Amino acid sequence: MTPDVRQEQADQAARAILEQLPTLSQRGLVVDSPPGAGKSTLVVRAADALAQSGAPCIVIAQTNSQVDDLVRRFVRLCPHLRIARLTALDYTVPADLPTLPGVRISARIQDLGSAHVIVGTAMKWATVADRRWPWAIIDEAYQMRSDTLLRIAARLFDKALFVGDPGQLDPFSSVETHRWAGLPHDPMNSAVAVLLDKNRDLPVRSLPVSWRLPPSAVPLIRDAFYPFTPFHAGSQTATRTLTFGGIGMGSPLDAAVDRAARTGWALLELPARFTHRIDPEAFQAVVGLAERLLIRRAIITCEQHPEGRVLEPRDLAIGTAHRDQAHQIRTLLRHHHPRLHGVTVDTANRLQGLEFSVTIVLHPLSGRGDASAFHLEAGRLCVLTSRHRHACIVVARAGIAGLLDAHPSTDPVHLGSASKIPDGWEANHAVLAHLAEHAVRAWELRGRRRG
């Protein structure tokens, strides 16, 4: 199927959603979006359509960075709208936001009354009590906790458009939440899960095309993480290429980046060893992969750069499960690899919503002796393996398949809790089985070179 046909499919899906809003009889509409399907663009288009019809709306996101990005997108795509940014009293907005034309910023809702669209975080909206709007658009709705939705739904808006990615990370908390697990009022349930459970008649639509993921990535990501949200790649295989201006040295690192360039995936497998979170050898490997990509002058082509351009540090991301892992890798980059300045290194929680040309992932289960719910979380692995436009390289210690078989589950089953689809154990097995077809075993290549 050609990109033009995919574009028409995406346009038809978006039009159907926007046309349904004015006649919606239910209190809400849910839109499921796979990675890179134009979710944020839909949010902007929906707000514009509502404002043009005389229904000013509020836009609710989950983090300040999401809100700031939405404000920039509104200014770029809808310069005719008056946009307001509702902030917390102690939040320092990025320096560029006050300079954007037509944007008002305030911590007081009373100062923003003339805006067509007001954008703020869910926690800030929970403090607003004296105004009501006909519509709200909730971005990253699957990240919103159900108790947060309960605080704002009854008093802030009449109807809502919920837009989110069902395969991404669930809401998270900095405190232990086991006491509520399985209870009907569990605040850690996703707002969308509770919404659909209590309102069985709510319509659910989906966006059918991922403009981020290349054709090599869509089958795995779709089957492992989105069993009920079918989607296709918006690009063709010939359009997205990764080539090199310099030859490799025959090292395991070079073999991995060559494999990723050819197929879109690579698994650099290190010798089996229990290391838990801190694994200096694995940290050196992910940094070395990034360095090889830049030293060999990787060249990327895509719809945006059909003539090709040299890969830059800003096109690369290194993803981890834990903050201390990301900190250790950043320290390596800062002190020993100055040419890698500009490479993004962060956890899945912080990488969610971002995209890069190539991603390098330290597998959450690498080097572990157990498989906890945190490390088996399907959304975490989904985020880490779905940020790329060209290729994804995973670094892991050998033995994960055996670990999964030995630890199918470490958490108790709570009656009444919604089943997690997809199951993290099954999703990890599916990804690992696919990566095994693209494995580069570091110790085997080293042995051949010595021989």
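View A. Contact here means heavy atoms within 4.5 Å. What you are looking at is a predicted model, in which local features need pLDDT of at least 70 and side-chain atom pairs count only at pLDDT 80 or more, while totals for chains, interfaces and linings use all residues. Residues are numbered from 1 along each chain as its sequence is written, and side-chain values use heavy atoms, with hydrogens and water left out.

**View B. The largest nonpolar core has 38 residues.** Such a core is a set of buried Ala, Val, Leu, Ile, Met, Phe, Trp, Tyr and Cys residues joined through side-chain atoms within 4.5 Å. Buried means under 20% relative accessible area, exposed means over 50%, and partly exposed lies in between (1.4 Å probe, protein chains only). Val59, Phe74, Val117, Val119, Ile137 and Leu161 touch the most other members of this core. At least two core residues come from each of helix H1 (3–20), strand E1 (28–32), helix H2 (39–52), strand E2 (57–61), helix H3 (64–77), strand E5 (117–121), strand E6 (133–139) and strand E7 (157–164). H2 is the biggest contributor, with seven residues. Helices (H or I, at least four residues) and strands (E, at least two) are DSSP runs numbered from the N terminus. Another core, of 37 residues, lies apart from the largest one and includes Ala260, Val287, Ile329 and Ala442. As general background, nonpolar side chains in soluble globular proteins tend to be buried together.

**View C. Threonine 121 sits in strand E5.** Is this threonine 121 buried or exposed? Threonine 121 counts as buried because its relative accessible area is 10%. Setting aside neighbours within four places in sequence, its contacts are Ile60, Ala61, Thr63, Asn64 and Val67.

**View D. Isoleucine 105 belongs to strand E4 (residues 103–106).** With a relative accessible area of 31%, isoleucine 105 is partly exposed. Beyond its neighbours within four places in sequence, isoleucine 105 meets Arg85, Thr87, Val93, Leu97, Pro98 and Leu112. Look for alanine 84 too: 21 residues separate it from isoleucine 105 in sequence, and their C-alpha atoms are 5.7 Å apart.

**View E. Two aromatic pairs turn up in a search of the whole structure.** Rings of Phe, Tyr and Trp (its six-membered ring) pair if their centres lie within 6.5 Å; planes under 30 degrees apart count as stacked, over 60 as edge-to-face and the rest as tilted. Tryptophan 125 and tryptophan 133 have ring centres 5.4 Å apart and planes at 80°, so they make an edge-to-face pair. Both of these tryptophans are buried. Tyrosine 226 and phenylalanine 231 are also edge-to-face, because their planes stand at 90°, with ring centres 5.6 Å apart. Tyrosine 226 is buried at 2% relative accessibility, and phenylalanine 231 is buried at 0% relative accessible area.

**View F. Helix H7 (residues 218–225) buries Val218, Leu220, Ile221, Ala224 and Phe225.** The buried residues of H7 pack against strand E10 (232–233), strand E12 (265–270), helix H13 (378–384) and helix H15 (424–436).

**View G. Arginine 296 and arginine 380 each hold a charged end over a phenylalanine ring.** A charge sits over a ring if NZ of Lys or CZ of Arg is within 6 Å of the ring centre and within 35 degrees of the ring normal. For arginine 296 the ring is that of phenylalanine 244, whose centre is 4.2 Å away.

**View H. Six strands make an open, parallel sheet in the order E16-E15-E17-E18-E12-E19.** Strands count as paired if DSSP finds at least two bridges between them. Strand E16 (344–347) and strand E19 (439–441) are at the edges with a single partner strand each, so one side of each has no neighbour in the sheet. From one strand to the next, the twist averages 20°. E12 and E19 pair in the parallel sense over three bridges, and leucine 268 stands opposite valine 440 in E19. Helix H8 (residues 252–263) packs on this sheet, touching E12, strand E18 (388–397) and E19, and its direction makes about 155° with that of E12. Axes are lines fitted to C-alpha atoms, for helices over the stretch in contact, and angles run from 0 to 180 degrees between N-to-C directions.

**View I. E11, E13 and E14 form an open, antiparallel sheet in the order E11-E13-E14.** Strand E11 (241–244) and strand E14 (309–310) are the edge strands, each pairing on one side only. E11 and strand E13 (residues 298–301) pair over four bridges, and threonine 243 has isoleucine 299 in E13 as its bridge partner.
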